[in-house]
2 protein chains.
Amino acid sequence: MGEDDDFLRLDLQVCFPLYAASNLFSRLYRPVLAKLGLTYPQYLVMLVLWEQAPQSVGALGERLHLDSGTLTPLLKRMEGAGLVTRQRDAADERRVLIALTEQGMALRQQARDVPQTLASGLSLSPEELIELRASVQHLVAVLASAEATVSPS
Amino acid sequence: MGEDDDFLRLDLQVCFPLYAASNLFSRLYRPVLAKLGLTYPQYLVMLVLWEQAPQSVGALGERLHLDSGTLTPLLKRMEGAGLVTRQRDAADERRVLIALTEQGMALRQQARDVPQTLASGLSLSPEELIELRASVQHLVAVLASAEATVSPS
DNA sequence: GCTTTTTATATTGTGCACAATATAGTTGAT
DNA sequence: ATCAACTATATTGTGCACAATATAAAAAGC
């Protein structure tokens with residue numbers, strides 16, 4: 001008990017720096033995104049929709065690894081803000097299609113400089129960022145497959 | 001507008017895989033930690049306290065990059081669960097010292113295998129995990145210093 | 001055609017995460 | 001000693017994140 005060879009030290013965890021980095025990133029984005037009227041998860045939704053719209057709630061959730069319990073109220077707030085519309089798919093009434101409004105599309109221009117604004121404050125080289133991104137993307141793939149293994153459909 | 005050379009594509013973001021990995025990790029930990037009666041952030045608090053206790057709320061927050069608005073209710077729930085005690089520091093009445101109860105200390109034995117249980121399900125080599133951990137720890141340091149720069153004390 | 005199963009989203013309740021603010025305690029400069 | 005500035009924690013309100021459950025629509029089996 002209390003030996004130093006156990007694996008419970010905070011500095012030995014992989015999960016903790018990910019957790020801290022995620023929180024710190026969202027804190028760093030907050031004032032920048034506030035000018036656009038977005039929260040950080042809402043910004044991620046906009047990134048997905050700017051690539052392709054309309055999309056169903058489920059498709060958004062699959063891309064972002066979030067479920068309807070998170071997305072539904074978030075999307076309703078975005079609808080209230082005039083950024084997106086929500087309407088049932090006529091072809092499959094179970095689906096709700098999320099589309100961009102004119103305002104939502106226009107917001108892309110204002111968001112254009114957000115990534116570089118933040119990256120510029122980070123004192124990390126582009127190479128470091130690219131390598132880090134690839135590593136964590138790989139981890140996400142591993143975690144997502146582990147999730148699918150544990151709770152099989 | 002819509003050119004492919006802008007930086008708004010989700011796959012080009014560093015922040016998004018961190019966000020997804022953090023969520024996926026906490027989802028993966030949830031069923032394991034539930035057996036110990038802990039949530040994932042509560043588990044992190046226990047890791048810190050198992051290293052050293054008692055600690056003030058502020059010291060916990062500094063270590064975990066969390067503020068009192070997050071920690072106070074979390075610690076009250078942990079107090080209610082019988083894992084920690086909360087009492088004012090007699091030497092400085094502004095501080096609240098968080099200490100472990102017998103039950104809180106005993107829980108360490110039950111938690112002993114948690115890290116390896118999770119790591120074993122990940123299909124990542126120990127070398128990959130160590131390198132990833134170092135990269136993200138470095139990022140946390142960079143983000144924390146950026147935070148300090150933006151909002152100077 | 002009608003029931004069973006599956007699928008897609010919504011709802012409810014709990015627990016973070018954090019900004020803004022409040023409160024109480026401490027320190028420092030006179 | 002007194003008061004202004006500062007520090008540590010608590011409170012309030014908003015917005016995620018997710019498990020569990022509900023509801024409704026579609027698909028599949030008979």
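This report describes the interface between chain B and chain A and the protein surface around DNA strand D.

The model is predicted, so that local features need pLDDT of at least 70 and side-chain atom pairs count only at pLDDT 80 or more, whereas totals for chains, interfaces and linings use all residues. Residues are numbered from 1 along each chain as its sequence is written, chains are lettered from A and ligands numbered from 1 in the order in which they are written, and side-chain values use heavy atoms, with hydrogens and water left out.

**Chain B and chain A**

In chain B, 64 residues are in contact (heavy atoms within 4.5 Å) with 65 residues of chain A. The two chains bury about 6300 Å² between them, 69% of it on carbon and sulfur atoms, buried area being the accessible area (1.4 Å probe) that two parts lose on being put together, summed over both. Eight salt bridges are counted between the chains, each a side-chain nitrogen of Lys or Arg within 4 Å of a carboxyl oxygen of Asp or Glu; Arg108(B) forms one with Asp6(A), with the closest N and O atoms 3.2 Å apart.

**DNA strand D**

Of the atoms of DNA strand D within 4 Å of the protein, 83% belong to sugar or phosphate and the rest to bases.

| Protein residue (polar backbone atom) | Atom of DNA strand D | Distance |
|---|---|---|
| Gly69(A) | base nitrogen | 3.2 Å |
| Val96(B) | phosphate oxygen | 3.3 Å |

Note on methods: A residue is near a molecule or strand if one of its heavy atoms lies within 4 Å of it. A polar contact is a pair of N or O atoms within 3.5 Å; within protein, one must be able to donate a hydrogen and the other to accept it, and residues adjacent in sequence count only if both atoms are side-chain atoms.
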